Amino acid sequence: MGINRPLPESILLFLGVALLPVYAFGSGGVQPAHAVLALFAGVVLIRNGIPMPYWAQFLFATCVYVLFVESFYAIKESSSSQLINVVYYFYNFFLCVSVFSFFRRGGGPPIAVGSIAAVFLVLGSYLLISDGTGVRFTATFNNPNQLGYFSVCLVSIFYLLYRIGSFNYLFAIALIGVAYFLSILSLSKAAMVANFVVAIFVLKPAFGGCRMTALWVVGILSVLGSLYWLYASGDMSDYRFVGRLEGMVAENDSSLEARGYLAFLEGGFAQNLFGLGSAKAVELVGHEVHSTLGSIFTYYGLFGLLLFSGALVIWARTLWQGFGLIGLISLAGPVMLYGLTHNGTRFATFWILFGASIAAARTRINCGWNKQDLK
C-alpha cells in the first residue's frame with residue numbers, strides 16, 4: 001500500500017487531535033478542535049469523495065433518521081432547539097469517514113503525534129492549574145467527565161497505534177499509563193472502571209509467542225496480588241479514587257433511573273419504536289440520557305437503535321477479524337463500557353478512534369499492514 005498523505009490534511013489532522021482537550025467555549029458548542037477537524041474533513045472528502053462501506057451506510061442512515069425524528073418533533077412542538085443533535089450526528093459522520101479515508105492511505109502519524117501533543121497539553125495544565133485541594137481535575141476541559149472519556153479514548157488509540165507499528169511496546173505502555181493516570185485525576189467512575197476492566201488485555205504484548213504470554217500472565221498476577229494486598233491492608237484507603245470506586249453502589253447518581261435508562265417507559269408503543277425525541281427525553285429525565293446506546297434508544301426508538309447498532313456490529317466484527325478478540329476488547333471495550341453510564345456519541349475523539357481503528361483493521365484483513373506506511 002503506497003503512501004499518500006497530503007501535507008495540508010496531515011497538518012490539519014495533527015492540529016485537530018492535539019487541540020481536542022482545549023475547551024475554549026461552553027460544552028455543546030464548537031471548540032477549536034472541532035473547527036480544525038471540520039476543515040480537515042472537508043478537504044479530505046472533497047479530494048477523495050465520501051467512502052460508503054456498509055458501516056458508513058448504517059451511520060449515514062442513522063443521521064438521516066435523526067434528522068427525520070428531530071424535525072418531526074420540532075414542527076410538532078414549534079421549537080428548533082433539538083435540531084442541534086442533527087448537527088452533531090452529521091458532523092461526526094463526516095469526521096469519521098474522513099479519518100477512515102485518510103487513515104487507509106497511511107494517515108497514522110498525524111494522529112500519533114497529535115495524541116502525544118494532547119497528552120502533554122493535559123499534563124502541562126495539571127502542573128500549572130492543579131492546586132492540590134482534592135477537587136476533581138478538569139484540565140482544559142469543561143468538566144472532569146470529559147477528561148475521563150478522553151482518557152478512555154486515548155487508551156484505545158495508543159493501543160491501536162502500537163498494534164499497527166507506530167509505537168513500540170514499552171512506549172505504548174508508558175502512554176497508556178499516562179492515560180490511566182488522567183482517568184484517576186478526573187475521578188470519573190465510568191472512566192476508571194472502563195480502563196481498569198480492560199487493563200489485562202490492553203497490556204498484553206502482541207509479540208514473543210508463548211514465552212512472552214507466560215511473562216505477561218505472571219506480571220498481571222503479581223500486580224493484581226500486590227494491589228489486593230495493599231487494598232486489604234488499608235494502605236490505599238487515603239486515595240480519593242479508591243473511595244470513589246467503593247462508593248459506586250451507594251451513590252444515587254449511579255442508578256439506572258438517575259442515568260435516564262427508564263425514560264422510555266413514559267412513551268407509548270409508537271414512541272418506543274420511533275423515539276421520544278431528545279427534547280422530550282431531556283424534559284422527562286431532567287438532563288440528557290447518560291448512556292450511549294440508551295440515549296439512542298430513548299431519543300430515536302428501536303428503529304434508530306437498530307440502525308446505529310448495525311454500524312457498531314460491523315465495527316466489532318472488523319476489529320475481531322483484524323486484531324483478534326484481545327484487539328476487539330482493547331479497542332472497543334473501554335469506550336463501550338464508558339458508554340453504559342455516559343453518552344459518548346457527541347465526543348469527537350470517539351469518532352476518530354472509530355474511523356482509524358476500522359481503517360487499520362480493514363487494511364490488515366485485506367493485505368496486511370505495511371509498516372513503511374507509518375514512517
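Leu187 sits in the loop between α7 and α8 (189-197), where helices (H or I, at least four residues) and strands (E, at least two) are DSSP runs numbered from the N terminus. Its phi is near 55°, a positive value in a residue other than glycine. Most residues other than glycine have a negative phi. At 5% relative accessibility, Leu187 counts as buried; here buried means under 20% relative accessible area, exposed over 50% and partly exposed in between, with a 1.4 Å probe and protein chains only.

Before going further, a word on the model. It is predicted, and local features need pLDDT of at least 70, side-chain atom pairs count only at pLDDT 80 or more, and totals for chains, interfaces and linings use all residues. Residues are numbered from 1 along each chain as its sequence is written, and side-chain values use heavy atoms, with hydrogens and water left out.

**The chain as a whole**

You are looking at a chain with 16 helices and zero strands. Of its 375 residues, 49% count as buried. Take the contacts (heavy atoms within 4.5 Å) with a separation of 6 or more: residues 24 or more positions apart account for 75% of them.

Ala139, in the loop between α5 and α6, has a positive phi of about 55° although it is not a glycine. Ala139 is buried too, at 7% relative accessibility.

**How the helices pack**

Two packed helices are described by the angle between their axes and the distance between the axes. Axes are lines fitted to C-alpha atoms, for helices over the stretch in contact, and angles run from 0 to 180 degrees between N-to-C directions. Angles under 35 degrees count as roughly parallel, over 145 as roughly antiparallel, 65 to 115 as roughly perpendicular and the rest as oblique.

| Helix pair | Angle | Axis distance |
|---|---|---|
| α5 (residues 108-129) and α7 (residues 169-186) | about 40° | 11 Å |
| α6 (residues 144-163) and α7 | about 170° | 8 Å |
| α15 (residues 292-338) and α16 (residues 348-366) | roughly 70° | within 10 Å |

Let us start with α5 and α7, which pack at about 40°. That angle makes α5 oblique to α7. The crossing is left-handed, a word used if the near helix is turned anticlockwise from the far one by less than a right angle, with clockwise being right-handed. From α5 come Ile116, Val119, Val122, Leu123 and Tyr126, and from α7 come Phe171, Leu175, Val178, Phe181, Leu182 and Leu185. By class these are eleven nonpolar, no polar and no charged residues. Ala, Val, Leu, Ile, Met, Phe, Trp, Tyr, Cys and Pro count as nonpolar, Asp, Glu, Lys and Arg as charged, and the others, Gly among them, as polar.

Helix α7 also packs with α6, at an angle of about 170°. This makes α6 roughly antiparallel to α7. Among the residues that meet are Leu147, Leu154 and Phe158 in α6 and Leu175, Ile176 and Leu182 in α7. The contact of α6 with α7 has 14 nonpolar, four polar and no charged residues.

Further along, α15 and α16 cross at roughly 70°. The two are therefore roughly perpendicular to each other, and their crossing is left-handed. Residues that meet here include Phe308, Trp315 and Gln321 in α15 and Phe350, Trp351, Phe354 and Arg362 in α16. The contact of α15 with α16 divides into 16 nonpolar, four polar and two charged residues.

**Aromatic groups**

Rings of Phe, Tyr and Trp (its six-membered ring) pair if their centres lie within 6.5 Å; planes under 30 degrees apart count as stacked, over 60 as edge-to-face and the rest as tilted. The whole structure holds 28 aromatic pairs. One of them joins Phe93 and Phe94 edge-to-face, at 5.2 Å centre to centre with 65° between the planes. Phe93 is buried, with a relative accessible area of 2%, whereas Phe94 is partly exposed at 30%. Elsewhere, Trp55, Phe100, Phe308, Trp315, Phe350, Trp351 and Phe354 form one aromatic cluster.

**Leu45 and its neighbours**

Not counting residues up to four places away in sequence, Leu45 touches Ile50, Pro51, Phe94, Val97 and Ser98. Leu45 is buried at 12% relative accessibility.
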